[in-house]
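Colleague: Could you walk me through this model? I would like to learn how its terms are applied.

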Amino acid sequence: YGEDAHEETVATDQTGASVQVDQREPVLFSDTTSDGMAPPAQNMLDPEIATMANAPLASDPTGTAPLATTNHEVPALDNIEPGAQFAPGLASTVPEGETNSGDEADVCSGPCESFLMGFVGHSGSSAIMSTLWRHSMIEIPWPMEPLQKARSSAMAAQMTRVKFDASIEKGLKPGFKLRPGHVLGAADLWNQLVSSYKTRLIVLTRDNCFKAAIGLYTIRARFDLSAQQGLSAKEAETHCKENPESCYYDVTNLRFFAYLMHISKHGMNQVLALRDSVQWPCVLHVTYEDYVRDNEEVMNKIYDFLGLEAEDNTPRFEKALSDSPCVVLKNYQEVCADLWGCEELRPYLEDEEHGCVCNDKSREPDPVLCSYKSLMAQGPLVCHDIDQFGNPRAVACLDDQKEKEQ
């Protein structure tokens, strides 16, 4: 179900080593969705938000200062230490698939006033939000993650207020996707916002970082955008037959693949930190795996949580890749064997439901592949590209001209 991927540009990784920036030219995209249809006017990027996002900061009238220069900086994913702990809020004990109302049960009854979905890339957010996008009482902007251009947590909070106010004035329930980096470290700002708008939080996580890494590798190492947001139903019917190289391939950059597994696992921890760092009055935790097993049941839970009647459980976008890792990865056995020694990654490598079992479990742990810090210390690994909305995103560095031409 794709990834509207965005990670803030950083000059160094968390080890302090320089991160090479790949100077690609921005690619221009049309205003149509992947199914060839222009989004309705009310779901286009709000002009006021776009103006605010692109305006210079008050402390930087020339617009030349580095990103995130206000009191609360937006932390990039790679700059937050894996395992970092954040102060727990009301939601800290919410079991998966259940809701939390803290001491304010009345706030969680009836229709919501606003909501946000905490997520990281390639966790099924596009499928779920594109279903909610169809609801007559909900207004979700297009793109569904309007804070991508926010240069600080303070700006992200202000942009959220602008968007919420505009939708509420129309009598609609505003909501959109929210990355942890816009909130962590600025809980005071977001506590004020959540209290003002009684904002409910949908926590979306994906348990399997191996499968998440497969989708991210398709986008960030193979530069195949079919897995970024998903495909229309019509496209999905013939995509793999017409584009087999998009659906079945070899992992040729194992270092980058291991990196994607590490950041996917860490990213899910960040979503839980987002849940626990703000005093959300109401929280619902759902998983990508539950959505794949029974999307209608999960959507009905979400509608109940938002206090709205279900109208349509059909997503606008469908999966571009098989859920079976040994179908997508032609060299699955090689990848599995090379990573099996990594105790942290091992639990995610096999998928018995799809018959994906690692045959070679004898290899010793690779000290580089098994450690995020060691991966980043081995030289250029992560570069930055420009996504279809003009935002930087982390991609695999291209080693030579031949690979770049491919």
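**Salt bridges and buried residues**

Modeller: Happy to! The structure holds 10 salt bridges. This is a predicted model, where local features need pLDDT of at least 70, side-chain atom pairs count only at pLDDT 80 or more, and totals for chains, interfaces and linings use all residues. Residues are numbered from 1 along each chain as its sequence is written, and side-chain values use heavy atoms, leaving out hydrogens and water.

Colleague: Why is the contact of E139 with K170 called a salt bridge?

Modeller: A salt bridge is a side-chain nitrogen of Lys or Arg within 4 Å of a carboxyl oxygen of Asp or Glu. The closest N and O atoms of E139 and K170 are 3.0 Å apart, so the pair meets that definition.

Colleague: What makes E139 count as buried?

Modeller: Buried means under 20% relative accessible area, exposed over 50%, and partly exposed in between (1.4 Å probe, protein chains only). E139 has 2% relative accessibility, so E139 counts as buried.

Colleague: How do you know whether R363 is buried, exposed or partly exposed?

Modeller: R363 is at 38% relative accessibility, so R363 counts as partly exposed. D360, with 26%, is partly exposed too. The side chains of D360 and R363 meet in a salt bridge, at 3.2 Å from N to O.

Colleague: What makes D351 and K211 a salt bridge?

Modeller: Their N to O distance is 2.8 Å, so the pair falls within the cut-off. Both D351 and K211 are buried.
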